[in-house]
Amino acid sequence: MNLTGLTQKEAEEKLKSYGYNEITELNKISTLKILLRQIKKNFMIYLLFAAAAMSLFVGKAITGYTILGIIILLIVIGFIQEFKAETAVKSLKQMITHTSIVIRNGKEVEIPSREIVPGDILVLRAGEKIPADCLILEEKELRINESILTGESQEIKKYKIASEKNYNHNNQVFMGTNIANGKCIARVLHTGMNTEFGKIAGMISTAKKDLPLQKKVNDIATYMAFLAIIVSALTGSIMLIQNVPFSYTLVIEVLIVVIALCVSAFPEGMPVVLISILASGAYKMAKKNAIVSRMSIIETLGETTVICTDKTGTITKGEMTVKKIFADDTSFGVTGVGYDSNGKFLQNNEKINPKKNVVLNLLLKTAVLCNDARIERKGTNSAYNIIGSPTEAALLVMSAKSGIFMEDIQAIRKEEISFNSERKMMSVLCEEEQEKYIYSKGAPEILLNQCTRIQKGGKIIKLIKKERERILDIGKDLASKRFRVLAIAYKPAKSFKKNGFEKDMIFLGLTSLEDSPRAEIKGAIISCKTAGIDVKMITGDNKETSAEIAREIGLSGKIMTGNELDKLTDDELSRIVNETTIFARVKPGHKLRIVKALKKNGEIVTMTGDGVNDAPALKEAHIGVAMGINGTDVSRESADLVLKDDNFATIISAVKEGRTIFINIQKAVSYMLSCNHAELFVIFFGILFGLPLPLIALQILFINLVTDDLTALTLGFNPAPSWIMNTKPRRKSSILDKKSITMFVISGLIIGVGTLGIFYSTYTGLLFQGVAEELAVSTARTMALVTLILFEIANAFNFRSYRTPVFKASLFTNKYMVYASMLAILAVLLILYTPLNIMFETVPLSLGNWIIAILTAFSLIVIFDFLKIMNHWKKIF
């Protein structure tokens, strides 16, 4: 990448525009930076500093030092929450381990990419992201996408080195670039920050993006800050007017109250609550095998209306098994399941020795030689670990059942033409004892077009049109029974030249591979339908196989093939794409067109992909989902969500979690607004009605600290409501909808009126009894403080659900809320019955006072339970 003349920000943006979002060495969490960020961004802290300074200036040392203590506590709490959130996100990224294949002791071994060292020999294949700067020792059809370094999207052909002392850029592959086609064997030169990519990384830093949800929260915070300033200014003005002529000390006290009121009303905890809930949700998703690369996508997940999913490995298990072979005009059965070599070859249900059939034996040999996968025994038994494509591994296991292994065949691969989704076939040229042969495999309709002859027994005869059509019909019949069908062919070759490489082939037979749907898929499809989410299956398999799988998992609707899609314009596709459920024989470019057509219709699209060519579609979709097991590095880099288990049902779990997180954020924000409005109401109307100040600055700060933010945070741990997947997806809804606004306005009003009523009745009652003014005010304030805190605790339990009454839900539905409530009550007891009451200007309350406060706060639950029951019959909110 050319960074000459660019500023740091421009260089940073350029790197990110090429899709590389993370540089590990620069992504370390700095505790000092987080601490400084807490101080810098928190405007409330500056207000508190001003309040502390003014308190000390007028001689109120206890108040001043207490406010300073609160400042330190707020910084520490903010630091801890943000540090935990950043640590959680970093740990999520580390859950996806990038692996590479190295040759050690003459064997291919899969290791974490971070363990690669200079001198290692790497085996690199199409779709992989190159983990280090390397020298190319061998290559086949190798083309590299170096756009992340050069900015040029054109693929670059690479060549093996002539000698290790004489090489240039064309003989090297570089860290961070991607293999677009072919494969190579390369020796590692540099790793980490010593690579070309690392040198660029050292020049820039990682920037943070604002979350879409963050903007919505910031808009609400701006509104509250504006309201707080107006109400605080009015309150201060009323206090001054009521005490004309006013003294210098009074002005300072009024300023302290105004600042405290601003602090209480300003929802400074909202951003922290948002990030903490998102981080917690992301961690929950990770435990369910869904790793988010950006927390901002969690909100969009909940809005998903269409899921476009691959079949192989996502809807199905991805463990291919060859079950049937058609060769030599005969159908053979193959027993066994998965990657285990225990199995038999059957003909008419009788066990046979496949080596005694010339055509079958040659087909098994071809399946081994025309293959890039590797299998290794797990131990001394017959089970194998696989390295490479599940389909190719299944062919190796099939041959292993007959005792044919790659190591036992005396053949040297000289040339090859790799498989890709456009060609749908693969061919290799091998030399065996002075003879040259070409071995091929691929889709039946593609490979049969290259075949002019067929082998039956020891004879090679002409493949006539009628025979070709019969073989295709057999393949279609197998495909209609859910098998994936591959054709196998070969021919002797005269030279190693690629001219006519795949022409005039000799057909050997068909292999039928089975990949059963996952057991949980049918239930996941039903969940999608109930949740108003359309599921579209996109596969490279033929129409018959796709239709059979769809029928088995409960998908129904129109089927469209890639050829049919090619004939449509973009406008025509957008008109019928919603009615089409299955897309068969598609190519990667088709996926991109499908996503664009759905987006044009206003759908929120989640798209899965695993190949290098799927990256454009994953980037175009609202949510790109890559496979953690069988996905390529390129697809994982492009994706927003990575499935550790490659399971479609995991996407549904992620959507459910996304919906739950949004609802919990909605509840947390509404709850905080109700508390802030209630505090403003109590202070403003208390002053307006000529009463003594209902709550002093320290008491307001105390309420803010022990209830508002802490309890709001626990709302993020609410479990998913039972109805969460029984409703249609929301369409770009704001945080504050009708029910949220109704809830926080009503609850804020009840809390404000109730708290002010308790203050007024206690104050006037004590004066009527002849109690001294100072004691009456202190007792009334203490009662108002306790009542307001109990109100806010009760309010939190109300906000656990918009539908279910508190009395119908278990107290420990959200255990963290119970713990937070107990902590708040304990804190209240400390400032009432210990020497701290001098600092907070509170007095001990009698049992009777506590009963009054508890019953008053409890009325909020009774009122809202009644409203929720009424809402069930007639919509109120």
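These are my notebook entries on a predicted model of one protein.

**Ground rules.** I number residues from 1 along each chain as its sequence is written. For local features I need pLDDT of at least 70, side-chain atom pairs count only at pLDDT 80 or more, totals use all residues, and side-chain values use heavy atoms, without hydrogens or water.

**Overview.** I looked up the elements: the protein has 28 helices and 28 strands. These are DSSP runs, helices H or I of at least four residues and strands E of at least two, numbered from the N terminus. Of the 877 residues, 54% count as buried. Buried means under 20% relative accessible area with a 1.4 Å probe, protein chains only.

**Cores.** Next I checked the largest nonpolar core, and it has 131 residues. Such a core is a set of buried Ala, Val, Leu, Ile, Met, Phe, Trp, Tyr and Cys residues joined through side-chain atoms within 4.5 Å. Leu 641, Phe 648 and Phe 702 have the most contacts inside it. Helix α22 (residues 648–688) gives the largest share, 23 residues. Another core, of 39 residues, lies apart and includes Met 320 and Phe 345.

**Ser 427.** Where does Ser 427 sit? I found Ser 427 in strand β17 (residues 425–432). Ser 427 counts as buried because its relative accessibility is 0%. I then listed its contacts (heavy atoms within 4.5 Å). Leaving out residues up to four places away in sequence, Ser 427 touches Cys 370, Tyr 439 and Phe 501, among others.

Methods. Buried means under 20% relative accessible area, exposed over 50%, partly exposed in between (1.4 Å probe, protein chains only).
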